[in-house]
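Me: Please walk me through this model by question and answer. Keep it brisk.

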Amino acid sequence: MSLKKQLENYFTFTEKTSGSILYFDTLPEAINVNKKNKAILKPANNSNISIKQSVGTNIFELKQPQKIASVKAPKLDIEAIDLSEIKTLEELEEAVANCKKCPLNTARKNTVFGTGNPDANLMIIGEAPGADEDEQGKPFVGRAGKLLTDILKAINFSREEVFIANICKCRPPGNRRPNTEEVYFCEQYLHKQIELIKPKFILALGLTAADTLFKSSHKMADIRGKIFDYQGIKTMVTYHPAALLRNPNWKRPVWEDVKILRKLYDEEVHD
Ligand code: SF4
């Protein structure tokens, strides 16, 4: 991609995430320009992704996806959901729609199963529905949802091409984080979704999504910009769009992360 195109994409992304205010008085690292006037995209510090440069092009090299050191999930004295008979996403969606396994079922208007391509190579996983999502029964449809759509668009993905879901399928009251019991129940649906969709890549948005998948807690600074091995699926973690709305300074790391994800995706997936 030409430098001009990269700059255009970056400023379009900046405008979408933060309006017309520019937050950098210098060009961000993601599009630093070297002496030969080539754009350089940098993975985060300690990343397991490196860059080789050939003529005018950045080639991303992924060393082994990093194994995450997971701790044992807390033992809760509650029954697992039997999803062994479920063979399709439609059947799973119906099971979710009828689910009353955790207290979140009482206040919901709609369950939010997830939307997108059932054969997606990229699955996006967030935390839980908010008010707009609960109202419409679809994930990421409020302000944060619009931002997610724009982020995807900036790296040439449409929402229809990927599959978007959350850890929890019902809205926690007051948009609080889902608690341990709610996550324990609902992540079983997520695991089944992943098993049925079989994505090659996962983008986990925010620490709730990452910590639920990895069964361990982290700081975002330590895990973003790397590729992890989650059950054989290359998984990247970045900030949740809602966090990005609160703190526009995080748009730069998100931009860096999703551009690298796109590159790795292109190198692996040949449609
Ligand atoms: S949040 Fe998940 S486990 Fe809880 S009631 Fe809704 S679908 Fe069921």
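The questions below go from the whole chain to single residues.

Me: How are residues numbered, and what kind of model is this?
Reply: Numbering starts from 1 along each chain as its sequence is written. Local features need pLDDT of at least 70, side-chain atom pairs count only at pLDDT 80 or more, totals for chains, interfaces and linings use all residues, and the model is predicted.

Me: How many helices and strands are in the chain?
Reply: Both are DSSP runs, numbered from the N terminus: helices are H or I with at least four residues, strands are E with at least two. On that count the chain has nine helices and 11 strands.

Me: What percentage of the residues of the chain count as buried?
Reply: C-beta atoms are placed from the backbone, and a residue is buried if 20 or more other C-beta atoms lie within 10 Å of its own, exposed if 12 or fewer, and partly exposed in between. The chain has 271 residues, and the buried share is 37%.

Me: What share of the contacts with a separation of 6 or more joins residues 24 or more positions apart?
Reply: Two residues are in contact if their C-beta atoms, placed from the backbone, lie within 7 Å. Among contacts with a separation of 6 or more, the share from residues 24 or more positions apart is 71%.

Me: Is helix 2 roughly parallel or antiparallel to helix 5?
Reply: Axes are lines fitted to C-alpha atoms, for helices over the stretch in contact, and angles run from 0 to 180 degrees between N-to-C directions. Helix 2 (residues 89-97) packs on helix 5 at about 170 degrees, with the axes 10 Å apart. Angles under 35 degrees count as roughly parallel, over 145 as roughly antiparallel, 65 to 115 as roughly perpendicular and the rest as oblique. Helix 2 is therefore roughly antiparallel to helix 5.

Me: Which residues make the contact of helix 2 with helix 5?
Reply: By class, five are nonpolar, one is polar and one is charged. Helix 2 brings L89, L92 and V96, and helix 5 brings Y189, K192, Q193 and L196.

Me: Which residues of helix 4 are buried?
Reply: Helix 4 is followed by N156, with a positive phi near 60 degrees. Within helix 4, the buried residues are A144, G145, L147, L148, I151, L152 and A154.

Me: Is R171 buried or exposed?
Reply: R171 sits in the loop between strand 8 (163-166) and helix 5. Leaving out residues up to four places away in sequence, R171 touches R108, A128, P129, G130, E133 and D134. With 25 other C-beta atoms within 10 Å, R171 is buried.

Me: Which residues does W250 touch?
Reply: W250 lies in the loop between helix 8 (241-246) and helix 9. W250 has 19 C-beta neighbours inside 10 Å, so W250 counts as partly exposed. Not counting residues up to four places away in sequence, W250 touches Y239, A243 and L244.

Me: What is phi of K198?
Reply: K198 is in the loop between helix 5 and strand 9 (201-205). K198 is partly exposed because 13 other C-beta atoms lie within 10 Å. Phi of K198 is positive, in a residue other than glycine, and near 55 degrees.

Me: Is Q231 buried or exposed?
Reply: Q231 is in the loop between strand 10 (228-230) and strand 11 (233-238). With 10 C-beta neighbours inside 10 Å, Q231 counts as exposed.

Definitions and conventions
Ala, Val, Leu, Ile, Met, Phe, Trp, Tyr, Cys and Pro count as nonpolar, Asp, Glu, Lys and Arg as charged, and the others, Gly among them, as polar.
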